[in-house]
Amino acid sequence: MPPKPASPSVVDLVSKTLLESIKSENSATVALELSPDEGVTNEVLRDALKMEAAVSETIELLKQRLDESVAEVRRHHNALLPVQQLPPEILSTIVIYELEGIESHNHLHRLIQLSSVSRWWNAVIVGRPSLWTEIHSANKSEVIALALERSKDSPLTVLINSSTSVSWINLTERYIYSMPEDKFLDLVCPHMGRWRDAKVQWLRCSDTIQRLSSEGPEVSPHLECLHVNQNKYPTVEDPIFCFPGRAERLLDLKLEYLAISTDDLIKVLAASPQLVSLELLSLIEGAVPNTEPSGSNHSPDNAVTPTYLPHLVTVKLLRLPSRIMVPILDNIRAPNVENITILHDTNVQSNVIEDPNMPDTGPFTTFVSRLLEATPSIYVNLKSSGLHLKGLSETTRHYEIELNGVHSILLRWLRLRCLPQLTTGYHVHLDFDSDFVQDESDDVVTDTLMRLSRLKSVRLRTHPEAWRWVWLLSLPDAMPAGSAHSWLWPELAQLTVDAGVINEVAILSMLLGRFGLPSAGPMKDGPSPLRLLKVHSGGHGWRTEVVERIKGIVGEECFVWE
């Protein structure tokens, strides 16, 4: 219900009382009431203006006192609300959960808003320095200065993002402001001793890298996370990102698109025994190395003490030259690593794949062999770009190794250098990607694939050469002379084909050639029987009478039509 105004009689009474009070405070020389025939002199006008000013000042004073009374009533009412009676610890926890639901660059603005709700909220939020520790370059300088002041001595999370972030909301672009790198560093570098998490992303200025290297994140005893990357691929002219000191509490290290010194990086890793995650992406060797070329044999006298990282769980080494990758793999000892991802392009970067004809095995091959040995099921995916290896076993260790390059070199390296080092039992799953096209060394690729041992399953998909492999599986003398077995992949237990590439007659002919008629019994010294024949229909159909004959050879339960 809206408030009712006062009646005219009450207004007249209040006005008369108010005017009498004002007159008593201001000794006017004339009265404000004039007769119609009386003229207005300057003195009368001056006294009237004084009275008008006195009335206005009195009204403003009354309004101010009334506002204060209303505010006091509201404060008293708010103080009785349950949320205003929460302990400071619980209110701080609520604020933390509120911040988790919004973007990081809006945290400080939301804290300022929440601290304006009431005096109690202001006292709690401003009095908790840990709430003001996330410093983002998307904030204005005055907001950052306020947060640095209110965070007191608490460890800081510093986020520098020099890219213009774009997100799509209702099909419209939203650009996020980012302070210039030099101005942001002027604000946060004096507090570098408090850095705990530092994520310096999409740097545009080379001076920033030099400044970070010279002023050094190592001065912070709290540093646990360090992410640094540029917005472009590095060149030899770029300044080298250095680690002048050592962060013993470092848990997470990610470097991307930087020029580094490998020796310096190895020293940092050796001084970071608590490291949990290591990600190195698209780095180059910035310093002129004084060591022998990568891949060469080092004498025992020059051997480097291995770096033991017992807590390292995640490793990503993507698009690294051998001068960086090989020393890291050769020095790191991480027995508890669970997730390993390696991507190497032998066409662009210096090769870590050793010559299959050479007797010695390098660090990269030894490292990969250790990974393969940890999982008995080895998945080999043949792609148009190269080779993709990963483990299929249900173990705690997961690895993915993607090697881009010439198929003939990669496959021979796998068969002649990696697999022979495995001392435990294993089996291989071969998957021909749909876009896999054999390179100019067609005969070498075919021969190497045919000689792969312990092959348990093959997936041909829509590989254009699928018909060739189905035909070779039907030949009792498919393997070259001198092979341990005359049949192709004698241990093959699972075969997956696409009905759009291989028809039912080809599969039936292969089965008859490989296993013969069911009534004849198993062949002497023949291949192992198929435990699973899976066919992807892809909208195609097979003749029922032929499918029944296929089921009669492999067994009803071993045939799957999808």
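User: How far apart are the end C-alpha atoms of helix α15, residues 504–515?
Analyst: This is a predicted model, where local features need pLDDT of at least 70, side-chain atom pairs count only at pLDDT 80 or more, and totals for chains, interfaces and linings use all residues. Helices are DSSP runs of H or I with at least four residues, strands are runs of E with at least two, and both are numbered from the N terminus. The expected span is 1.5 Å times one less than the number of residues. For the 12 residues of α15 that gives 16 Å, which agrees with the separation of the end C-alpha atoms, 16 Å.

User: Which residues of α15 are buried?
Analyst: Buried means under 20% relative accessible area, with a 1.4 Å probe and protein chains only. In α15 the residues that qualify are Glu 504, Ile 507, Leu 508, Met 510, Leu 511, Arg 514 and Phe 515.

User: Which residue of β22 is the bridge partner of Val 497?
Analyst: Strands pair if DSSP finds at least two bridges between them. β21 and β22 run parallel, joined by five bridges. Val 497 has as its partner Val 535.

User: Which residue in β23 stands opposite Val 535?
Analyst: β22 also pairs with strand β23, residues 559–561, in the parallel sense over three bridges. Opposite Val 535 stands Trp 561.

Conventions
Residues are numbered from 1 along each chain as its sequence is written. Side-chain values use heavy atoms; hydrogens and water are left out. Buried means under 20% relative accessible area, exposed over 50%, partly exposed in between (1.4 Å probe, protein chains only).
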